[in-house]
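Here's a walk through one protein model, from the overall fold down to a few side chains. Have the sequence and the 3D view open as you read.

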Amino acid sequence: MTDGVQHLITCVAVHNHKYSPNGAASYARSALRWGITHSDNATFFVHNNHLVRRGLFDEHPDAHGAWNIGSHKVTYFSDAGGAMYKKAMTNKNGFISSKAAIPAGISTYSRAFADVPAEDVQNDSEYVVPVTIGNPGVTLNLDFDTGSSDLWVWSSQARGKGNRKIYQPTQSRTAKQAPGLSWNIQYADGSGAQGNVFYDNVMVQGVAVTNQAVETATTLSGAFQTDVQSDGLFGLAFSKINTVTPSKQNTPFQNMLNQKLLDRPIFTVKLDKGDSGGFYTFGHVNGGVLPPGVDIWTTYVDSSNGWWEFESRAIMIGKHEFPRPQGNTAIADTGTTLILLDDDAVSAIYSAVRGAVLNHAAGGWILPSSATVPDLYFACGDRYFGIPGDDLKFSTCSSKGYMFGAVQSRGSNQQDIFGDVFLKRVYALFDARPGTPRIGFGQRDFYST
């Protein structure tokens, strides 16, 4: 039951002050999250359920048919006959004979890439939002994620909980287990989270979403165990990509709409740089975010894949327009840190920066700390929205005097990903009107925090 009142909800996005940007580790996370596939510019990518990377050693054997790979675990590839063959080995003496690694019928290996260990993937959440579940309620810090559609939490049923807050469904008077329902989120490297489903009340800034499916983790592995700031995930994509089986469940946002809790079928996102001034709103637009005279411009969303996906036909590098492939689309994702584009667009951006180089050993494209960088603009429907050039300098990296680039390759994937680097410079509107969903952006001040 609802109280019959429509609400205007504002949730503070609390900045994790222990978060430290790490470009290569953020890129590795993106590769896992989106299953980035091989391309010339992709340092991190997924193949045969392995997250692998370039740059830790030579990709080709020496004249004697051996690689100097140190003690890394290695995945070897061959392009022979147009196929890719794999053999994973851990080398102890620093060298491995190519003959020892070659499957029958294959004459040479053309590449060797290192497997990426879990500790090299950045999983700390930069922002979390407090949400209360159950009665009596427990308040958990959740990662609000526009790129997924599950509400899952650490629970009393999970192992290795440590000192984190957990949801205990057996202690909630309003919890009801959903017989026969389970959920399972898997990343491309095999790490994941899974468990049971309960229906319970979820309080978002004092507004109760009743009978909400809460996915309680019983097993977590790999990347899902290492985020110590977040107690779970609050998915905000479309419910069609919810992972509960055999019956997909509505997201909390969709249930807010179904229960007529909101004045309008929208939510908005304002992320900030380095403080706790960011927030999410539900049911309304905060009129104080954008400079006077600046409006939110919307475009149509293609929700067929379950994401907030829209057309992006070009980028602007300074004053120069660079067209994108016909039908190119982008996904707005608060769960990704960087901006991911196709190889041609990435190369065009860094070609405009003196001294920028693709350095796989450093994790991807890097640029001199002192470089002058043109402002960058990204088409969202018929309008451009941008980031200042200095935002391309995402973090320090392993190469002295260089910064890790905030724009990296999406590999051979088909969609761009506009992550937090982009979203911090706009005020984003997500409009779930039935049949014709839209997304909109308003350009915030380039130099505000």
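This is a predicted model: local features need pLDDT of at least 70, side-chain atom pairs count only at pLDDT 80 or more; totals for chains, interfaces and linings use all residues.

Residues are numbered from 1 along each chain as its sequence is written, and side-chain values use heavy atoms, with hydrogens and water left out.

**Overall make-up**

The protein has 5 helices and 33 strands; helices (H or I, at least four residues) and strands (E, at least two) are DSSP runs, numbered from the N terminus. Of its 449 residues, 57% count as buried, where buried means under 20% relative accessible area, exposed over 50%, and partly exposed in between (1.4 Å probe, protein chains only). A contact means heavy atoms within 4.5 Å. Among the contacts with a separation of 6 or more, 68% come from residues 24 or more positions apart.

**The annotated site**

UniProt, in an unreviewed entry, places the feature "active site" at Asp-145 and Asp-333. Its positions are given in the numbering used here, feature names are shortened, and annotations may be inferred rather than shown by experiment. The two residues span 189 residues in sequence, yet no two of their C-alpha atoms are more than 6.9 Å apart, so they gather at one spot.

Asp-145 is in strand 10 (residues 138–145), whereas Asp-333 is in the loop between strand 22 (329–332) and strand 23 (339–341). Asp-145 counts as buried, at 0% relative accessibility, and Asp-333 counts as buried at 0% too.

What does the side chain of Asp-145 make a polar contact with? Its partner is the side chain of Arg-33, at 2.5 Å. (A polar contact is a pair of N or O atoms within 3.5 Å; within protein, one must be able to donate a hydrogen and the other to accept it, and residues adjacent in sequence count only if both atoms are side-chain atoms.) The side chain of Asp-333 also makes a polar contact with the side chain of Arg-33, at 2.9 Å.

Leaving aside neighbours within four places in sequence, Asp-145 is in contact with residues including Leu-233, Phe-234, Gly-235 and Asp-333. On the same terms, Asp-333 touches a set including Trp-34, Thr-146, Gly-147, Phe-418 and Asp-420.

**Aromatic rings**

Searching the whole structure turns up 23 aromatic pairs. Rings of Phe, Tyr and Trp (its six-membered ring) pair if their centres lie within 6.5 Å; planes under 30 degrees apart count as stacked, over 60 as edge-to-face and the rest as tilted.

| Pair | Centre to centre | Angle between planes | Type |
|---|---|---|---|
| Trp-34 and Trp-307 | 5.1 Å | 70 degrees | edge-to-face |
| Phe-253 and Phe-282 | 6.1 Å | 45 degrees | tilted |

Trp-34 lies in helix 1 (residues 23–34) and Trp-307 in the loop between strand 18 (297–300) and strand 19 (309–311), so the pair ties together parts that are 273 residues apart in sequence. Both Trp-34 and Trp-307 are buried.

The charged end of Arg-383 is over the ring of Trp-297, 3.4 Å from its centre, and Arg-438 lies over the face of Tyr-300, at 4.1 Å from the ring centre. (That calls for NZ of Lys or CZ of Arg within 6 Å of the ring centre and within 35 degrees of the ring normal.)

**Cysteines**

How many disulfides does a search of the whole structure find? It finds 0, with a disulfide taken as a pair of cysteine sulfur atoms within 2.5 Å. Cys-11 counts as buried at 1% relative accessibility, and Cys-380 is buried with a relative accessible area of 4%.

**Two loop residues**

Ser-239 is in the loop between strand 15 (232–235) and helix 3, and counts as buried at 17% relative accessibility. A polar atom of the Ser-239 side chain lies 3.1 Å from the backbone nitrogen of Thr-251.

Phe-224 is in the loop between strand 14 (207–220) and strand 15, and at 9% relative accessibility counts as buried. Phe-224 and Gln-186 are 38 residues apart in sequence and 9.7 Å apart in space, C-alpha to C-alpha.
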